[in-house]
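Good morning, and thank you for coming.

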Amino acid sequence: MTNSASDSEFLAKIEATRREALDALRDARDAVSLEKARVKYLGSKGLVGELSKGMKALDPAARPEAGRAVNQLRAETDAAFAALQKSFQAQEDPREFLDVTLPGRRSPLGHAHLINQTSAEICSIFALMGFSITEGPEIETDYYNFEALNFPADHPSRDMQQSLFVGEKLLLRTHTSCVQIRTMEKTPPPVWIVVPGKTYRRDDDLTHSPMFNQIEGLAVDSKITMADLKGVLTEFARQFFGEGAKIRLRPSFFPFTEPSAEVDVACVSCGGRGCRICKDSGWLEVLGCGMVNPALYKHVNYDPQKVSGFAFGIGVDRMAMLKYRLDNIGRFYQGDARHARQFPS
Ligand code: PHE
């Protein structure tokens with residue numbers, strides 16, 4: 001046999017091996033027969049390797065062409081094998097690999113938002129003191145948000161509330177105090193309620209968000225005095241912030257309470273000595289309160305001679321910020337899981 005004859009025979013052999021290898025790979029019906037075909041052609045003692053070795057017997061001038069053909073054969077079969085292997089993996093039935101003796105994989109559980117946790121905690125403190133929990137609508141009428149709460153039309157006290165109107169006489173409630181009227185309208189005294197809910201104002205900075213959360217408190221009964229109000233709030237502050245918590249009442253103004261007060265707690269950060277958080281005053285303002293203004297009773301058919309009461313409104317966001325030492329209210333509402341995950345319930 002001449003050299004050139006054996007050279008062209010060698011090329012024909014490469015071509016035959018190529019077809020055979022590709023057919024064998026494509027005919028494989030499962031991962032096991034595919035692996036067998038791979039070993040036969042591409043394995044360390046496989047046919048493609050044999051062809052590489054066989055090149056030594058060739059005329060040196062014919063080797064480059066034969067080498068290129070063998071390399072191409074290897075690349076092509078390699079690629080076909082990889083693609084087929086991938087498709088077998090994708091088709092594989094996961095049940096075949098299910099080991100029922102392994103412990104289960106726990107799917108991560110979410111938890112209540114920090115604001116909702118705080119709101120629930122505050123409500124349960126009052127519930128244990130005998131208050132029941134009720135709610136009211138977030139879109140309110142001018143009547144419940146202002147008029148029945150003794151804000152006269154065009155009175156400047158309405159300006160404090162930076163309302164968001166959604167119609168001529170409809171607005172997003174600026175506080176939960178509306179539910180004081182709604183409840184007294186429906187229920188004869190005595191009334192002991194707390195009202196958690198969302199409230200809205202045209203405010204937006206580090207400590208104010210256009211949507212925020214309040215908890216209203218209302219107690220109307222016989223012989224309720226300001227001492228009851230202070231007692232209830234002192235006990236609340238102790239339970240929420242800890243045994244040593246102190247509060248003070250400062251005179252203030254709300255149209256629906258008389259007298260009215262602003263409640264401060266001794267700074268939770270410095271204990272009252274003065275620091276950055278309390279702006280060196282030693283105190284933090286946490287809520288508004290007062291004795292129910294008897295002017296409200298005429299709207300709900302209560303007899304001011306027989307009943308008296310107190311009311312308060314707690315800013316939930318502020319309470320959560322103080323308790324967890326946060327300085328930007330916006331973080332509550334950006335939906336960032338990295339923030340939420342820091343406060344597991
Ligand atoms: N509604 C008042 C506010 O949002 C708070 C408040 C409630 C004051 C009840 C007194 C009594 O600012």
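Let me start with a definition: a residue is called buried when its relative accessible area is under 20%, exposed when that value is over 50%, and partly exposed in between, using a 1.4 Å probe and protein chains only. Please also note that this is a predicted model, in which local features need pLDDT of at least 70 and side-chain atom pairs count only at pLDDT 80 or more, while totals for chains, interfaces and linings use all residues. Residues are numbered from 1 along each chain as its sequence is written, and side-chain values use heavy atoms, with hydrogens and water left out.

I turn to the salt bridges. Side chains of opposite charge can pair when their charged atoms come close. The term salt bridge here requires a side-chain nitrogen of Lys or Arg within 4 Å of a carboxyl oxygen of Asp or Glu. How many salt bridges are found in the whole structure? The search finds twelve.

One of them joins arginine 38 to glutamate 35, with the closest N and O atoms 3.0 Å apart. The two residues are three apart in helix α2, which means that about one helical turn separates them. Helices (H or I, at least four residues) and strands (E, at least two) are DSSP runs, numbered from the N terminus. Arginine 38 is partly exposed, at 26% relative accessible area, and glutamate 35 is partly exposed as well, at 32%.

Another salt bridge is formed by arginine 182 and glutamate 140, whose closest N and O atoms are 2.7 Å apart. This pair links distant parts of the chain, 42 residues apart: arginine 182 belongs to helix α7 (residues 178-186), and glutamate 140 to strand β2 (residues 139-141). Arginine 182 is partly exposed, with a relative accessible area of 22%, whereas glutamate 140 is buried, with 1%.

In a further case, the side chains of arginine 250 and aspartate 264 meet at 2.8 Å, N to O.

Next, the packing of two helices. Helix α2 (residues 31-42) packs with helix α3 (residues 47-54) at an angle of about 5°, and their axes are 4 Å apart. That angle makes α2 roughly parallel to α3, since angles under 35 degrees count as roughly parallel. Axes are lines fitted to C-alpha atoms, for helices over the stretch in contact, and angles run from 0 to 180 degrees between N-to-C directions. Lys40, Tyr41 and Leu42 in α2 meet Leu47, Val48 and Gly49 in α3, where contact means heavy atoms within 4.5 Å.

Finally, consider leucine 229, in helix α8 (residues 226-241). Is leucine 229 buried or exposed? Its relative accessibility is 0%, so leucine 229 counts as buried. Leaving aside neighbours within four places in sequence, leucine 229 is in contact with Cys289, Gly290, Phe310, Ala311 and Phe312. Between leucine 229 and alanine 311, the C-alpha to C-alpha distance is 7.9 Å, although 82 residues separate them in sequence.

Note on methods. Parallel < 35°, antiparallel > 145°, perpendicular 65-115°, else oblique.
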